[in-house]
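Welcome to a short tour of this protein.

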Amino acid sequence: MPPRGEGLRLRARMRYLYHGTSPLAVKFRLAVIAIDFAIIAFFLAAPILHEAGIVFYVIDYVVALILIADLTGRAIAHTDIKDWLKKPATWVDLFVLATLLFPYWLFNLGFLRLLRLWTLLHSEFFWRTIGHKYDDTRVEEVTKAVASLTTFIFVVTGFVYTSFRGEHPGITGYLDALYFTIATLTTTGFGDITLPGNWGRVLSIFVMLTGITLFLRLAQTVFRPHKVSHPCPTCGLQKHDPDAVHCKACGKILCIPDEGA
């Protein structure tokens, strides 16, 4: 056990790196985010790389070690470990770690690793580091909507690939699964690839309904009037038009800073 003083210094260093505003802390978080995107790229390529045998498993365990280091650093930097463990994103990352540590047994659930893209682009960590100037604006909302749609597409593609490859003549590779997902999600329904049985129909219905919902959310985010984050001091309404003088909920006079200032 390290002395208590050393433990406190380690926690202070981790907080400084993960939550600080100094140039060094920002560079550290940018490096972490860059590594995150590289890991997500590996997850996307995993169905193809899996055919490489031992090379795939070596990369898999290297990624697991990186993720262990990152999760350990985040846990130490957090004020309350119990509160950190209550966050859904934490459990997503722990599940992703489990699929990396036991790839032979959990590879068929590896498609859920792509949920890390969703947790990354919805995290305060990301927006505090890269998107601080876009926080609570249309750029952030559009990015989150795109992340949700992209994550859904690749999670469903991975599920179709692992569940129906070899059992359906139309799905022989990852590209076939992606093609089916896009055709179903957009309700194009070419019909050249369909999933067999009642469960296949249920999955197709789920993809259609959820895909339409995510598309509509993205469209609404792109085309609805732009708003800025400026909490009303009286009623607490969070977002207002950029040129608003009064709160539309309670009528309180507002003083919204000019974004260009």
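## Overall picture

Among the contacts in the protein with a separation of 6 or more, 57% join residues 24 or more positions apart, where contact means heavy atoms within 4.5 Å. Please keep in mind that this is a predicted model, in which local features need pLDDT of at least 70 and side-chain atom pairs count only at pLDDT 80 or more, while totals for chains, interfaces and linings use all residues. Residues are numbered from 1 along each chain as its sequence is written, and side-chain values use heavy atoms, with hydrogens and water left out.

The protein has eleven helices and two strands, and along the sequence they follow the pattern α-α-α-α-α-α-α-α-α-α-α-β-β. These elements are DSSP runs numbered from the N terminus: helices are H or I with at least four residues, and strands are E with at least two. Of the 261 residues, 38% count as buried. Here buried means under 20% relative accessible area, exposed means over 50%, and partly exposed lies in between, with a 1.4 Å probe and protein chains only. The accessible surface comes to about 15,100 Å², and 68% of that belongs to carbon and sulfur atoms; such areas come from the Shrake-Rupley method with a 1.4 Å probe, and for residues only the protein chains shown count as cover.

## Aromatic rings

Rings of Phe, Tyr and Trp (its six-membered ring) pair if their centres lie within 6.5 Å; planes under 30 degrees apart count as stacked, over 60 as edge-to-face and the rest as tilted. By this rule the protein holds nine aromatic pairs. One of them is Y18 with F125, a tilted pair at 5.9 Å centre to centre and 45 degrees between the planes. This pair links distant parts of the chain, with Y18 in helix α1 (residues 4–19) and F125 in helix α8 (residues 124–129), 107 residues apart. Both Y18 and F125 are buried.

Another pair is F37 with F126: the ring centres are 6.4 Å apart and the planes stand at 75 degrees, so the pair is edge-to-face. It too links distant parts of the chain, since F37 belongs to helix α2 (residues 23–49) and F126 to helix α8, 89 residues apart. F37 has 34% relative accessibility and so counts as partly exposed, whereas F126 is buried at 7%. Elsewhere, F42, F43, F56 and Y57 form one aromatic cluster.

## The largest pocket

What lies over the face of F125? It is R74, at 4.4 Å from the ring centre; a charge sits over a ring if NZ of Lys or CZ of Arg is within 6 Å of the ring centre and within 35 degrees of the ring normal.

Two or more lining residues come from each of α1, α3 (54–77), α5, α7 and α8, and α7 gives the most, with four residues. On a 1 Å grid over the protein atoms alone, a pocket is an open set of points with protein on both sides within 12 Å along at least five of seven lines, a cavity is a set where a 1.4 Å probe fits but cannot get out, and lining residues have an atom within 4 Å of a point. Grid points are joined across faces, edges and corners, and a volume is the space filled by probe spheres set on the points.

## The cavity

How many cavities of 30 Å³ or more does a search of the whole structure find? The search finds one, and the largest cavity has a volume of about 120 Å³. Its lining has 13 residues, and F43, P47, G110, F111 and G158 are the closest to its centre. Helices α2 and α9 (138–164) each supply at least two residues of this lining.

R116 is found in helix α7 (residues 115–121) and is buried, at 3% relative accessibility. Beyond its neighbours within four places in sequence, R116 is in contact with D36, I40, F43, L67, D70, V92 and D93. D93, in helix α5 (residues 88–101), is buried at 9%.

F215 lies in helix α11 (residues 197–223) and is partly exposed, with a relative accessible area of 35%. Not counting residues up to four places away in sequence, F215 touches L149, L185 and T186.
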